[in-house]
Amino acid sequence: MEYALVNGEIIGRSEAKIDVEDRGYQFGDGVYEVIRVYNGKLFTAGDHLKRLVKSADSIGISLPYTIQQLTEMIEELLSKNNLETGNIYMQVTRGVAPRNHVFPAGNVPPTLVAYTIRAVRPLDNLKIGVKTILTEDIRWLRCDIKSLNLLANLMAKQKASERGCFEAIQHRGQDVTEGSSSNIFIVKDGTVITHESNNLILKGITKDVILDLCGKNNIPVIERTFTVAELDEAEEVFLSSTTAEVTPIIEINGTKVNEGVPGPITKKLQNLFEKEIEKQCGVLVR
Ligand code: PDD
């Protein structure tokens, strides 16, 4: 039997119910996180939970649990579900109230839901790399909030999928922002470049681990906006996310990157990232 966490209680997943007027269901009025689990252990969970609280705060939802309580609840959930390798999906909405665009008055409690997803590491993608397309970024101007509203991201990802690609790299005019569900990095003259964490992208937890690893291992790195032209000319390109780790990009709009093979800096960062996972979670399946 699979379990889910609903408003602080762990119950059978099939018993979990959402009210038709839950504002997350109705308006996408909420925020979420995806946390990776390796060998039954949480990876960078503290950072994800802090971002969840920050996302919630920025739309005026105050979570009735501390980070410590949230950690304990998801640890219990993964242990009850015997999750070895996979993800925890967690979302918080503004709760249940009669439909109205205005936020409900009074003390409407937020709805908190979490469940587990079994998912092995994407070993082929990590080794071979993935193909991508470029697409205009049509999202709003608060992409730093990990909002449930993912329609523009879904449309970009669907477009990529229909063209046999794994990810859509988004750009606003000439500036590359991020993937539909990942951060994007290029290597230019041996320097790793990725968009600065501002309102136009999500400040990825994986991105921050990579920046830290670059700093500690003398890999030149800079956070700045880069253009589509720089992307086209890059020596290497890769993406990062909780589920995709450090994935090489070997093709963009049908044109090969680095002759279609993962580059040396990408491979080095993959290696360092795996070691970081192993520090927190034990030996990985490679
Ligand atoms: N997505 N940018 C966007 C738009 C994302 O949706 C994600 C992650 C990232 C990478 O963030 P992180 O390294 O913290 O996972 C960047 C998750 C995995 C998802 O929606 O499934």
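**Figure 1. The second largest pocket of the predicted model has a volume of about 340 Å³.** As in every panel described here, the coordinates come from a predicted model. The pocket is lined by 17 residues, and those nearest its centre are Arg51, Lys54, Asp144, Lys203 and Ile205. Helices α2 and α6 each supply at least two residues of the lining of this second largest pocket. The largest share, six residues, comes from α2. Sorted by class, the lining of the second largest pocket comprises eight charged, five nonpolar and four polar residues.

**Figure 2. The largest pocket has a volume of about 810 Å³.** A total of 40 residues line this pocket, and Tyr32, Lys146, Leu150, Ser180 and Ser181 lie nearest its centre. Both helices and strands take part in the lining: at least two residues each are supplied by β3 (30–38), α2, β5 (86–93), α5 (151–162), β9 (175–179), α6 (205–216) and β14 (236–241). Of these elements, α5 gives the most to the lining of the largest pocket, contributing five residues. The lining of the largest pocket is made up of 17 nonpolar, 16 polar and seven charged residues.

**Figure 3. Helices α2 and α3 cross at roughly 125°.** Helix α2 spans residues 45–58 and helix α3 spans residues 67–80, and their axes come within 10 Å. Angles from 65 to 115 degrees count as roughly perpendicular and those over 145 as roughly antiparallel, with the values between these ranges classed as oblique. The two helices, α2 and α3, are therefore oblique to each other. Their crossing is right-handed. On the α2 side, the contact is formed by Leu49, Lys50 and Val53, which meet Ile67, Leu70, Thr71 and Ile74 of α3. The residues of this contact of α2 with α3 divide into five nonpolar, one polar and one charged.

**Figure 4. The axes of helices α6 and α8 come within 10 Å and cross at roughly 105°.** Helix α8 covers residues 264–281. From α6, Thr206, Val209, Ile210, Leu213 and Cys214 meet Leu269, Leu272, Phe273 and Glu276 of α8. By class, seven nonpolar residues, one polar residue and one charged residue make up the contact of α6 with α8.

**Figure 5. The largest cavity holds about 50 Å³ of space.** This cavity is one of two in the structure with a volume of 30 Å³ or more. The largest cavity is lined by Arg36, Tyr38, Phe43, Thr44, His48, Ile205, Thr206, Thr242, Glu245 and Phe273. Strand β3 and helix α6 each supply at least two residues of this lining. The lining of the largest cavity divides into four nonpolar, four polar and two charged residues.

Figure 6. The residues that line the second largest cavity are Glu236, Val237, Pro248, Ile249, Val257, Asn258, Val261, Pro262, Gly263 and Thr266. Strands β14 and β15 (245–252) are the elements that give two or more residues to the lining of the second largest cavity. By class, this lining holds six nonpolar, three polar and one charged residues. Strand β14 also supplies at least two residues of the lining of the largest pocket.

Conventions. Residues numbered from 1 in each chain as written. Predicted model: local features only at pLDDT ≥ 70, side-chain atom pairs only at ≥ 80, totals over all residues. Heavy atoms only, no water. Axes fitted to C-alpha atoms, helices over the stretch in contact; angles between N-to-C directions. Helix = DSSP H or I, 4+ residues; strand = E, 2+ residues; numbered from the N terminus. Parallel < 35°, antiparallel > 145°, perpendicular 65-115°, else oblique. Left-handed = near helix turned anticlockwise from the far one by under 90°. Contact = heavy atoms within 4.5 Å. Nonpolar A, V, L, I, M, F, W, Y, C, P; charged D, E, K, R; others polar. 1 Å grid on protein atoms, 1.4 Å probe; cavity = no way out; pocket = protein on both sides within 12 Å on 5 of 7 lines; lining within 4 Å. Points joined across faces, edges and corners; volume = space filled by probe spheres on them.
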